[in-house]
Amino acid sequence: SNSFCTLLASAPMASGGGSGGAGKQATVTPPPHFAIVEEGVYRSAYPSTQNGRYLQGLGLRTVVTLSLEALPMQTRRMLEGHGARIVPLGPGAWAPRNNFDETLLARALDVLLNADNHPVLLTCATGRLQTCAVVGALRRLQGWCLASVDAEVQMFMQRNKGAHHVAVLEAVECFDATAFMAAVVQPRILAQKAAAATVQQLSEESFDTREADSKGPATPKDAEAAAKAAVGRLVDEASGVPAALVAPLPLWFLRVLRH
């Protein structure tokens with residue numbers, strides 16, 4: 001993406017058109033500093049139970065928390081009740097004095113770049129510090145220049161600049177996007193190609209077997225479904241690819257890699 005993240009309307013939305021208590025109950029409010037990063041990837045400050053209906057509408061599968069502070073228990077229960085998996089990367093992971101651990105940035109990016117985790121919410125206590133650092137590192141992977149990253153960071157920093165602003169920009173500038181691509185992204189691309197070849201081979205074998213056994217008309221769709229069901233079990237043996245590496249990259253990221 002060559003444009004800044006799209007901010008969703010932060011004004012509360014009400015349904016039912018009522019007034020008084022009924023109107024308040026119908027209010028659907030996003031968390032503070034909520035925005036779309038990319039398709040299926042969102043960011044915000046820590047949500048509260050007041051944001052439950054809004055977040056439920058997103059159908060979140062994963063919530064990545066980045067702050068040292070844990071999510072409030074009520075919020076955690078609410079998100080898990082909606083079917084979201086909580087991935088706590090903050091506690092014990094950030095270095096003191098607002099320095100950012102590059103290993104943690106890489107771990108957060110690894111979650112974001114797995115389409116099986118989407119829709120995913122990236123969140124920290126304020127939505128301005130750790131979240132800005134992780135999104136900034138993602139932008140580096142997408143080929144953004146530092147000036148563009150800084151402009152996006154400033155949209156969220158607002159008055160909280162100074163040392164925090166500098167710390168975030170230093171973390172983004174020091175993040176080794178080339179090393180991450182070589183260590184994480186390229187192996188995953190190769191793994192997906194190997195897995196796709198395995199699926200194709202198993203599809204053809206399944207198709208031929210059904211035809212030979214005369215078990216009824218076999219279609220390429222039937223064969224592909226059978227192959228996909230088997231590939232999770234056979235991919236290690238058939239292609240030598242660890243199943244964990246076959247996690248699909250998001251389409252928006254694949255489009256970036258093609259350019």
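**Cores and helices**

Student: Which residues have the most contacts inside the largest nonpolar core?

Tutor: Leu66, Leu109, Leu113, Leu141 and Val168, in a core of 44 residues. The model is predicted: local features need pLDDT of at least 70 and side-chain atom pairs 80 or more, while totals for chains, interfaces and linings use all residues. Residues are numbered from 1 along each chain as its sequence is written, and side-chain values use heavy atoms, without hydrogens or water.

Student: What makes a set of residues a nonpolar core?

Tutor: Its members are buried Ala, Val, Leu, Ile, Met, Phe, Trp, Tyr or Cys, joined through side-chain atoms within 4.5 Å. Buried means under 20% relative accessible area, exposed over 50%, partly exposed in between (1.4 Å probe, protein chains only).

Student: What is leucine 141 in contact with, beyond its neighbours within four places in sequence?

Tutor: Leu109, Leu113, Phe175, Ala177, Phe180, Met181, Phe253 and Val256. Contact means heavy atoms within 4.5 Å.

Student: Which residues of helix H3 are buried?

Tutor: In H3 (residues 73-81), Thr75, Met78 and Leu79 are buried.

Student: Why do these residues count as one side of H3?

Tutor: They cover an arc of only 95 degrees around the axis, so they sit on the same side of H3. The arc uses directions from the helix axis to the C-beta atoms. The face turned away from that buried side carries the exposed Arg77 and Gly81.

Student: What do the buried residues of H3 pack against?

Tutor: Helix H2 (52-58), strand S5 (62-65) and strand S6 (85-88).

Student: How do the axes of H6 and H7 meet?

Tutor: They come within 11 Å and cross at roughly 145 degrees. Axes are lines fitted to C-alpha atoms, for helices over the stretch in contact, and angles run from 0 to 180 degrees between N-to-C directions.

Student: What kinds of residue make the contact of H6 with H7?

Tutor: Seven are nonpolar, three polar and two charged. Here Ala, Val, Leu, Ile, Met, Phe, Trp, Tyr, Cys and Pro count as nonpolar, Asp, Glu, Lys and Arg as charged, and the others, Gly among them, as polar.

Notes. Helices (H or I, at least four residues) and strands (E, at least two) are DSSP runs, numbered from the N terminus.
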